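User: I would like a close look at a single part of this model. Please keep it brisk and give the cut-offs as you go.

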Amino acid sequence: MSTPHVVVVMGVAGTGKTTVGPLLAAAMGVPYAEGDDFHPPENIAKMSAGTPLGDEDRWPWLDAIGTWAHGRAGLGGVVSSSALKRVYRDRLRAAAPDAVFLHLTGDRALIERRMSERKGHFMPTTLLDSQYAALENLGADEAGVAVDVSGTPEEITERAVAALRRLKN
């Protein structure tokens, strides 16, 4: 990628957004922002209790991520956000039109296993079904790439960097 894009690392919970995001940012030489940090406390409490967020819960969160991405326009950056629905990605693009999406995808059993092994995260594995139910894959008209999450974080990041480089600027 010859111009510094803002990359939104997206996917269902447990795909490795928080692990791959900082590695990708380091590889690109740009800052990383953890999408979970943009959630208001009410959202964290809801998810911690096993309650899926609704669209009304997500709008302020997406707007905060969009504001960060807009501030990085032309400078580059990486931010994580589940961005499961097209309408969520449209909202992010409204704030940061040049953002590109890196969709981390993978086998559900692998993702569930990884979720069950992580410690101290507010998102329980019981919400994985609701995540998959909400997921809308990137459309052919959306700037972005999908990368499989099998392998090590470094291997995933290498595949992501290669796929993003192939995107037209």
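Which residues of helix α4 (residues 86–95) are buried?

Analyst: The buried residues of α4 are Y88, R89, L92 and R93. Buried means under 20% relative accessible area, exposed means over 50%, and partly exposed lies in between (1.4 Å probe, protein chains only). The four cover an arc of only 135 degrees around the axis, so they sit on the same side of α4. That arc is taken from the directions from the helix axis to the C-beta atoms.

This is a predicted model, in which local features need pLDDT of at least 70, side-chain atom pairs count only at pLDDT 80 or more, and totals for chains, interfaces and linings use all residues. Residues are numbered from 1 along each chain as its sequence is written, and side-chain values use heavy atoms, with hydrogens and water left out.

What lies over that side? The cover of the buried α4 residues includes β1 (6–10), α3 (55–71) and β4 (100–105). Helices (H or I, at least four residues) and strands (E, at least two) are DSSP runs, numbered from the N terminus.

Take Y88 first. Y88 is buried, and so is W59. A search of the whole structure finds 1 aromatic pair. W59 and Y88 form that pair, edge-to-face, with 5.7 Å centre to centre and 80 degrees between the planes. W59 belongs to α3 and Y88 to α4, so the pair ties together parts that are 29 residues apart in sequence. For such pairs, rings of Phe, Tyr and Trp (its six-membered ring) must have centres within 6.5 Å; planes under 30 degrees apart count as stacked, over 60 as edge-to-face and the rest as tilted.

Now R93. R93 lies in helix α4. Its relative accessibility is 18%, so R93 counts as buried. Leaving aside neighbours within four places in sequence, R93 is in contact with R86, F101 and E142. Contact means heavy atoms within 4.5 Å.

E142 is the partner to follow. E142 lies in the loop between α6 (128–134) and β5 (144–148). At 5% relative accessibility, E142 counts as buried. The side chains of E142 and R93 make a polar contact at 3.0 Å. A polar contact is a pair of N or O atoms within 3.5 Å; within protein, one must be able to donate a hydrogen and the other to accept it, and residues adjacent in sequence count only if both atoms are side-chain atoms. Not counting residues up to four places away in sequence, E142 touches R86, R89, R93 and N137.

Next, the strands. β1, part of the cover over α4, runs parallel to β3, and 4 bridges join them. V8 has V79 of β3 as its bridge partner. Strand β2 (residues 32–33) also pairs with β3 in the parallel sense, over 2 bridges. There, Y32 stands opposite V78. Two strands pair if DSSP finds at least two bridges between them. Both faces of β3 (residues 77–80) are covered: G77 and V79 on one side and V78 and S80 on the other are all buried.

Last, the setting. The protein chain has 7 helices and 5 strands. Of its 169 residues, 43% count as buried. Among contacts with a separation of 6 or more, 74% are between residues 24 or more positions apart.
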